[in-house]
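Dear colleague,

Please find below the structure that I am handing over to you, followed by a short account of what was found in it.

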Amino acid sequence: MRKAEIEAIEIDLLLEVLARRHGYDFTGYARASLKRRIAALPDALGCASVAEIIPKLLYQPELLPQALSTLAVSVTEMFRDPEVFLALRQHVLPLLASYPRINVWHAGCATGEEAYSLAILFAEEGLLPRVQIYATDISDAALAQAEEGVYADRWLDDYARNYQKAGGTGSFADYTARGYGFFKINDALKSKILFVHHNLVSDAAFCEAHLVMCRNVLIYFNRELQERVLTLLSGSLVRGGYLCLGPREELPLAAARRFKTVDAAAHLYRLGEAPP
Ligand SMILES: C[S@@+](CC[C@H](N)C(=O)[O-])C[C@H]1O[C@@H](n2cnc3c(N)ncnc32)[C@H](O)[C@@H]1O
């Protein structure tokens with residue numbers, strides 16, 4: 001048997017342990033990128049090979065969080081793709097202003113930068129008191145960092161630039177306190193975000209949301225899983241609610257029929273008023 005075939009068996013066994021022992025089903029993830037992240041697991045868990053990880057994950061459940069955060073790619077930034085935030089500011093927030101309470105579900109929030117960016121938008125549009133942002137992810141390590149809201153200073157200039165491009169009306173620094181090479185997000189913004197563990201593959205819809213944002217997550221899934229997750233995300237929207245997928249992901253044609261495109265480049269859609 002060739003080495004590649006043996007490696008494929010190891011990966012299948014690992015995925016089976018994750019699914020049957022821990023309830024995390026990665027079989028619907030796009031295989032090529034999943035393989036790259038599995039290759040990083042031995043180092044992260046202090047093992048010599050994937051084969052060595054399989055019994056460890058079976059008998060040492062305490063290793064699961066580290067495994068999940070290695071399998072998850074938590075790269076993100078404040079006001080990532082600023083034009084998306086500009087589109088939200090211009091086309092979505094003015095309409096959300098008519099609701100007495102606004103629920104936002106930010107799925108796949110990683111270390112929280114996007115959720116805080118959203119909170120800044122709501123603050124600048126005078127809607128912060130009315131909004132509740134639920135930011136969810138599969139990685140507990142990323143969620144713990146998100147909850148802290150503390151980030152390295154070296155990104156500040158980039159974030160300030162993104163913020164301006166996103167139509168920022170003040171100064172990005174106004175939302176942070178600086179010290180010791182880090183900046184911390186203000187408590188007023190933090191208090192509007194609940195960071196919660198949620199698995200898009202297996203968990204139910206999170207809340208009834210006026211805006212659902214899910215960016216750079218679906219790209220890691222195969223087509224079938226993408227469609228299932230999109231059904232979950234759109235099923236959690238109120239009538240007339242907004243779905244924002246960002247530049248890299250879009251609704252398949254069949255699903256798009258139920259939505260009106262609000263901003264084509266940002267893949268920002270509004271759920272139709274008619275019942276689905
Ligand atoms: C590349 S980050 C995207 C972060 C942010 N949305 C952005 O665009 O900057 C992908 C995130 O999706 C999360 N993720 C992967 N699979 C998930 C799942 N099944 N359920 C929830 N989150 C998941 C990862 O943990 C990771 O934090």
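**The ligand and its pocket**

The ligand sits in the largest pocket, where a pocket is, on a 1 Å grid over the protein atoms alone, an open set of points where a 1.4 Å probe fits, with protein on both sides within 12 Å along at least five of seven lines, and a molecule sits in it if more than half of its atoms lie within 2 Å of its grid points. Please note that this is a predicted model, in which local features need pLDDT of at least 70 and side-chain atom pairs count only at pLDDT 80 or more, whereas totals for chains, interfaces and linings use all residues. Residues are numbered from 1 along each chain as its sequence is written, and side-chain values use heavy atoms, with hydrogens and water left out.

Of the 22 residues around the ligand (a heavy atom within 4 Å), those that come nearest are Tyr-29, Thr-76, Arg-80, Asp-137 and Asn-216. By class, this shell holds 11 nonpolar, seven polar and four charged residues.

As for polar contacts (pairs of N or O atoms within 3.5 Å), a polar side-chain atom of Asp-137 is 2.5 Å from an oxygen atom of the ligand, while an N or O atom in the side chain of Arg-80 lies 2.7 Å from a ligand oxygen atom. A polar backbone atom of Ile-138 is 3.5 Å from a nitrogen atom of the ligand.

The domain assignment, automatic or from a database, gives domain 1 (3-71) and domain 2 (82-271).

Best regards

Terms used. Polar contact = N/O pair within 3.5 Å; in protein donor to acceptor, adjacent residues only side chain to side chain. 1 Å grid on protein atoms, 1.4 Å probe; cavity = no way out; pocket = protein on both sides within 12 Å on 5 of 7 lines; lining within 4 Å. Nonpolar A, V, L, I, M, F, W, Y, C, P; charged D, E, K, R; others polar.
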